[in-house]
Amino acid sequence: MFPASFDPMTNGHLDIAARASALFEELIVGVYNTPNKHVLFSWEERIAMARESTAHLVNVRVEGFSGLMVSYAIQAGAQVIVRGLRHGSDFEGEFQMALANRMLAPTLETICFIGSQELMFISSSRIKEIALLGGNVSGLVPPPVALRLAHFRAAHGSSGQAGTF
């Protein structure tokens, strides 16, 4: 299971999903319902974007989940939690999360994928900021996400709050 808020899904996320799906019989991309941060897109929109973005990966299924991730992963039959590391500062948080997850669900393993070098600078927060300020994000996100970001910007304009994500 590859869990995240995916607000929105980036090419970095897609890279990790593609590489993990090549190693496992099935990969669940789990879209977290209530992340502890401000989200731009609804849960339903984030699930739809993740499904559209991963449609070419035949052994990937996208599901939304709420509550404790390890509980959902066990219920869904996952044995491995997939995470991505972009840079050193990601390691500390992922390390702590993996230890907590192991305490809560000892049967689940955590595997971290090192992000591809050309995608390491991409974050969902930065994508939202660039897009809402009128920048071109088409090379940083899958096409369905770029389209939704463009529609969001056209419908709402720049709120001036892009830096708060």
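Analyst: Phenylalanine 95 has a relative accessible area of 41% and is partly exposed. Buried means under 20% relative accessible area, exposed means over 50%, and partly exposed lies in between, using a 1.4 Å probe and protein chains only. This is a predicted model: local features need pLDDT of at least 70, side-chain atom pairs count only at pLDDT 80 or more, and totals for chains, interfaces and linings use all residues. Residues are numbered from 1 along each chain as its sequence is written, and side-chain values use heavy atoms, leaving out hydrogens and water.

Helices (H or I, at least four residues) and strands (E, at least two) are DSSP runs, numbered from the N terminus. Phenylalanine 91 is also partly exposed, at 46% relative accessibility.

Now the rings. A pair of aromatic rings is described by the distance of the centres and the angle of the planes. Rings of Phe, Tyr and Trp (its six-membered ring) pair if their centres lie within 6.5 Å; planes under 30 degrees apart count as stacked, over 60 as edge-to-face, and the rest as tilted. Searching the whole structure gives five aromatic pairs. One of them joins phenylalanine 41 to phenylalanine 152 edge-to-face, with 6.1 Å between centres and 65° between planes. Phenylalanine 41 sits in the loop between β2 (27-32) and α2 (43-54), and phenylalanine 152 in helix α6 (residues 143-156), so this pair ties together parts 111 residues apart in sequence. Phenylalanine 41 has 3% relative accessibility and counts as buried. Elsewhere, ring pairs link Tyr32, Phe65 and Tyr72 into a cluster.

Next, the helix itself. The expected span of a helix is 1.5 Å times one less than its number of residues. With 17 residues, α4 should span 24 Å, and its end C-alpha atoms are 25 Å apart, which agrees. Asp90, Glu94 and Asn101 are buried in α4. They cover an arc of only 20° around the axis, which puts them on the same side of α4; the arc is that of the directions from the helix axis to the C-beta atoms. Gly88, Ser89 and Met103 are exposed residues on the face of α4 turned away from its buried side.

What covers those buried residues? The cover includes α3 (69-75) and β4 (80-85). Valine 70 belongs to helix α3 and, at 2% relative accessibility, counts as buried. Leaving aside residues up to four places away in sequence, valine 70 touches Asn101, Leu104, Ala105 and Leu108, where contact means heavy atoms within 4.5 Å. The C-alpha atoms of valine 70 and arginine 86 are separated by 23 Å, though these residues are 16 apart along the chain.

Finally, the sheet. Three strands form an open sheet in the order β1-β2-β3, with parallel pairing; two strands pair if DSSP finds at least two bridges between them. The edge strands, each pairing on one side only, are β1 (2-4) and β3 (60-65). Six bridges join β2 to β3, and leucine 27 has valine 60 in β3 as its bridge partner.
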